Amino acid sequence: MRILYVGDTACLPDDLADYIGDMGDEWKVEFASDGNAAMFAVANSPIDVLIVGPGLPDLPPATLLGQIRTLRPETIRIALLENTEAGISPPIKLIGVAHRFLPLPLSSETVLEAIHSLEELRDLLDSPRLRRVIGRVEHLPSPPHLYFALTRALEEDDGDSSDIARIVSGDPAIAAKVLQLCNSAYFSNGRAITDLRAAVTRLGLATLRDLVLASEVFSIKTGSNVDRLALQQRALIASRLAARILPQTSAELGATAALLADVGLLLPGVRDEREPVSAEGDERPGHTEAGAYLLGLWGLPMPIVEAVAFHRQPQRSSLRSFWVPGAVHVAGALASNEQVDEEYLKSLGVLHQLAGWREMADSLFDRVASAA
């Protein structure tokens with residue numbers, strides 16, 4: 001495995017070379033001082049893992065990672081972040097181009113755990129068995145175009161409420177569903193929202209974008225016989241709950257991941273992982289990996305893909321802090337009245353917060369029930 005580190009080597013742990021050496025001759029670390037040198041190295045031969053430091057002398061890290069994604073999409077891309085605090089999400093421009101974010105100061109164990117877990121996720125999403133099953137879907141769901149249009153508008157920071165409303169109103173069917181959800185018990189505070197501009201003002205851009213995503217995704221027709229209304233209701237509760245569980249800086253990412261956590265159930269030919277495993281065995285892929293594969297095809301950020309892939313088995317994620325995968329697991333379990341992995345929460349030191357999260361879930365259920 002070829003690992004290329006780009007940036008100031010002072011960011012790396014002193015014992016990283018020893019750790020890499022313990023992996024045997026199959027691992028090799030190379031270094032590039034700046035972005036242009038990294039591009040030259042990657043263009044000449046494939047790199048398995050790219051680790052980018054927080055400050056490069058010639059290119060912003062997001063620019064380099066975007067270029068690497070275009071040139072070598074199979075390369076695992078890791079960004080190092082400085083001056084991070086617990087619960088602070090990475091910059092939005094990095095979220096779309098990096099697979100994993102590691103905080104400084106860095107330990108060698110953290111680096112190796114990140115590489116191994118991303119290899120596992122890459123192997124999962126590159127499974128020939130999974131590709132065969134997804135490939136048999138007659139009409140593979142296309143990416144939610146309005147959601148991505150809103151994402152681009154928000155990233156460019158040049159759209160006001162009128163611009164956002166105009167984008168959504170370009171699809172009258174979706175616009176009608178968005179307004180319906182705006183006035184539902186999940187989001188309404190008792191006053192009716194009658195137009196999209198009011199929805200932007202009342203709910204905020206990020207919430208409106210997730211409503212667009214829910215309207216698009218749960219309208220997908222693929223031949224699956226799943227109860228779409230019930231699935232959407234659980235997804236909306238899980239999304240709202242995940243946003244409350246996480247700090248504000250990570251709430252948007254968690255809400256989107258929780259909203260999509262069970263999107264694989266919309267695909268035919270997958271196994272519902274909520275059901276007991278058959279004694280005879282079942283060769284169908286689970287709906288979590290199928291959903292993660294679909295989101296990977298759509299190009300959603302890797303933190304969302306990873307959270308969807310592992311939300312029913314959060315211990316498979318190598319993250320040693322409570323972030324999006326953990327919040328999606330808790331929110332999804334509580335929204336579906338399923339067992340929460342308390343051992344996992346205990347290992348992250350957050351088990352004591354579970355009672356408070358249950359109260360949040362109960363209040364959401366009560367709100368929905370009273371409006372029914």
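Here is a short tour of one chain, from its overall make-up to a few of its residues.

## The model

This is a predicted model, so a local feature needs pLDDT of at least 70 and side-chain atom pairs count only at pLDDT 80 or more, while totals for chains, interfaces and linings use all residues. Residues are numbered from 1 along each chain as its sequence is written, and side-chain values use heavy atoms, with hydrogens and water left out.

## The chain as a whole

The chain has 18 helices and five strands. Both are DSSP runs numbered from the N terminus: H or I over at least four residues for helices, E over at least two for strands. Of the 372 residues, 53% count as buried, meaning under 20% relative accessible area with a 1.4 Å probe and protein chains only; over 50% is exposed, and in between is partly exposed.

Look at contacts (heavy atoms within 4.5 Å) with a separation of 6 or more: 66% of them join residues 24 or more positions apart.

Strand 4 covers residues 76–81, and six of its six residues are buried. Ile76, Ile78 and Leu80 point one way, with Arg77, Ala79 and Leu81 pointing the other. In a regular strand the side chains alternate between the two faces of the sheet.

Strand 4 pairs in the parallel sense with strand 3 (residues 49–52) over four bridges; pairing takes at least two bridges found by DSSP. Val49 has Ile76 as its bridge partner. From strand 3 the chain passes through helix 3 (residues 61–71) to strand 4, a right-handed β-α-β crossover. Right-handed here means that, with the strands pointing away from the viewer, the path from the first strand over the helix to the second runs clockwise. Strand 5 (residues 100–103) also pairs with strand 4 in the parallel sense, over four bridges, and Leu102 is the bridge partner of Leu80.

## Ser215 in helix 11

Ser215 sits in helix 11 (residues 205–217) and is buried at 3% relative accessibility. Its side chain reaches the backbone oxygen of Leu211 at 2.9 Å. Leaving aside neighbours within four places in sequence, Ser215 is in contact with Ile174, Lys177, Val178 and Leu181.

## Two aromatic pairs

The count of aromatic pairs is two, for Phe, Tyr and Trp (six-membered) rings with centres within 6.5 Å; planes under 30 degrees apart are stacked, over 60 edge-to-face, and the rest tilted. Tyr147 and Phe148 are edge-to-face, at 5.3 Å centre to centre and 70° between the planes.

Phe322 and Trp357 are stacked, at 5.1 Å centre to centre and 15° between the planes. Phe322 lies in the loop between helix 15 (302–310) and helix 16 (324–335) and Trp357 in helix 18 (residues 354–371), so this pair ties together parts 35 residues apart in sequence.

How values were computed:
A polar contact is a pair of N or O atoms within 3.5 Å; within protein, one must be able to donate a hydrogen and the other to accept it, and residues adjacent in sequence count only if both atoms are side-chain atoms.
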